[in-house]
There are 2 protein chains.
Amino acid sequence: MQQESVIEIEEFANILKLLGDKTRLTIVKILDSHDCCVCEFVEIFKTSQPAISQHVRKLKDKGIVKESRRGQWIIYSLNKESEYYPFLQDVLKSLPDQGYRLDELEKQGLRISCCE
Amino acid sequence: MQQESVIEIEEFANILKLLGDKTRLTIVKILDSHDCCVCEFVEIFKTSQPAISQHVRKLKDKGIVKESRRGQWIIYSLNKESEYYPFLQDVLKSLPDQGYRLDELEKQGLRISCCE
DNA sequence: TAGATATATAAGTGTATTATTATATAAGTA
DNA sequence: TACTTATATAATAATACACTTATATATCTA
């Protein structure tokens, strides 16, 4: 971890809990290599759209991800300005690449233009 | 994070969830500088003994901490052989030192001989 | 403007988590 | 051996969490 600043222990625990969910952790890992919209995550996780919206909202509330609208789509990306971003990189570097999930979408023709 | 091995994403999420609790995260931070027994954590957190036992058991189940009996006491310490230990160090280095908690116990005369 | 698409929010439900109380086990001591 | 201390385990209750369904909002397009 490059970051040397000290973070309140309770605040940090909340970040760890936030990342301690398989779906959210995978979302963040995917966003580390590709910005993405909600609809793609819905396909990837085979879950409902509100479930994904709720996960990304939690990530956004803590400043881990940010959003930008492009037409109808809202593109999510990692917030590199977050005070947790350096720590996040420590987490992500030990996780297996999730690129295959986007590749699978591509094969099925479910890749959305907004996220290419 | 020094560790370069890739860890299953779900498994890693479970470790993050495990650490994503204020009490457990503080326990681990304290153990990083002092081995400790359950009774001291009970004093520090002003909670019940079973609550602490359950927290350390969860940490032990995942191999984050290990125990060794010394008479009536069971001394807990970080398990440096854990595959998560290098990552744990990344987490702990950004947390404020918790030594003052043990100092307070000392002042109150509640420091247990086993943990000196 | 009406309909379609993408996303967000609200309400409700089932499950997981954490704490408590009560009890069991294990070691030390009189 | 009886009593005390330290810890673990079991049962239970309160709370938190993640999902679902239903609905609202925002943008695009015919």
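**Fold, dimer contact and DNA-facing surfaces of the model**

Strand 1 of chain A pairs with strand 3 (residues 73–78) of chain A in the antiparallel sense, over 2 bridges; two strands count as paired if DSSP finds at least two bridges between them. The structure is a predicted model, in which local features need pLDDT of at least 70, side-chain atom pairs count only at pLDDT 80 or more, and totals for chains, interfaces and linings use all residues. Residues are numbered from 1 along each chain as its sequence is written, and chains are lettered from A and ligands numbered from 1 in the order in which they are written.

Within this pairing, Cys37(A) has Ile75(A) of strand 3 as its bridge partner. The strands belong to an open sheet of 3 strands in chain A, with the order 1-3-2 and antiparallel pairing. Strand 1 (36–37) and strand 2 (65–70) of chain A are the edge strands, each pairing on one side only. Chain A holds 6 helices and 3 strands in total, where helices (H or I, at least four residues) and strands (E, at least two) are DSSP runs numbered from the N terminus. The elements of chain A follow the order α-α-β-α-α-β-β-α-α from the N terminus on.

In chain B, strand 2 (residues 65–70) and strand 3 run antiparallel and are joined by 6 bridges. Arg70(B) stands opposite Trp73(B) of strand 3. The hairpin formed by these strands has 2 residues between them, and Gly71(B) in this hairpin takes a positive phi near 65°. A positive phi also occurs in a residue other than glycine, Lys46(A), with a value near 50°. Lys46(A) lies in the loop between helix 3 and helix 4 of chain A. Lys46(A) counts as exposed because it has 6 C-beta neighbours inside 10 Å; a residue is exposed if 12 or fewer other C-beta atoms lie within 10 Å of its own, buried if 20 or more do, and partly exposed in between, with C-beta atoms placed from the backbone. In chain B, Lys46(B) has a phi near 50° and is found in the loop between helix 3 and helix 4 of chain B. With 6 C-beta neighbours inside 10 Å, Lys46(B) counts as exposed.

Of the 116 residues of chain A, 31% are buried. Contacts in chain A between residues at least 6 apart in sequence join residues at least 24 apart in 63% of cases, a contact being a pair of residues whose C-beta atoms, placed from the backbone, lie within 7 Å. The largest nonpolar core contains 54 residues, and Val28(A) and Val28(B) have the most contacts inside it; such a core is a set of buried Ala, Val, Leu, Ile, Met, Phe, Trp, Tyr and Cys residues joined through C-beta atoms within 7 Å. Beyond its neighbours within four places in sequence, Val28(B) is in contact with Leu19(B), Leu59(B), Ile64(B), Leu78(B), Leu88(B) and Leu92(B).

Chain B is superposed on chain A by a rotation of 180° with 0.0 Å of shift along its axis, at an RMSD of 0.0 Å; the superposition is by least squares on the C-alpha atoms of residues with pLDDT of at least 70 in both copies. The two copies are thus related as by a two-fold rotation axis. Because 100% of the interface residues of chain B are also interface residues in chain A, the copies meet through the same surface. Their contact takes 24 residues from chain A and 24 residues from chain B. On the side of chain B that touches chain A, helix 1 (9–19), helix 2 (22–31) and helix 5 (85–92) of chain B each supply at least two residues. Helix 1 of chain B gives the largest share of that side, 7 residues. By class, this side of chain B has 12 nonpolar, 5 polar and 7 charged residues, with Ala, Val, Leu, Ile, Met, Phe, Trp, Tyr, Cys and Pro taken as nonpolar, Asp, Glu, Lys and Arg as charged, and the others, Gly among them, as polar.

DNA strand C is surrounded by 23 residues, the closest being Cys37(A), Cys39(A), Pro50(A), Ser48(B) and Pro50(B); a residue is near a molecule or strand if its C-beta atom, placed from the backbone, lies within 6 Å of it. Two or more residues of this surface come from each of helix 3 (38–45), helix 4 and strand 3 of chain A and from helix 4 of chain B. Helix 4 of chain A gives the most, with 6 residues. The surface near DNA strand C has 9 nonpolar, 11 polar and 3 charged residues.

Helix 4 of chain B supplies the largest share of the surface near DNA strand D, 6 residues. By class, that surface has 9 nonpolar, 11 polar and 4 charged residues.

Note on methods. Two residues are in contact if their C-beta atoms, placed from the backbone, lie within 7 Å.
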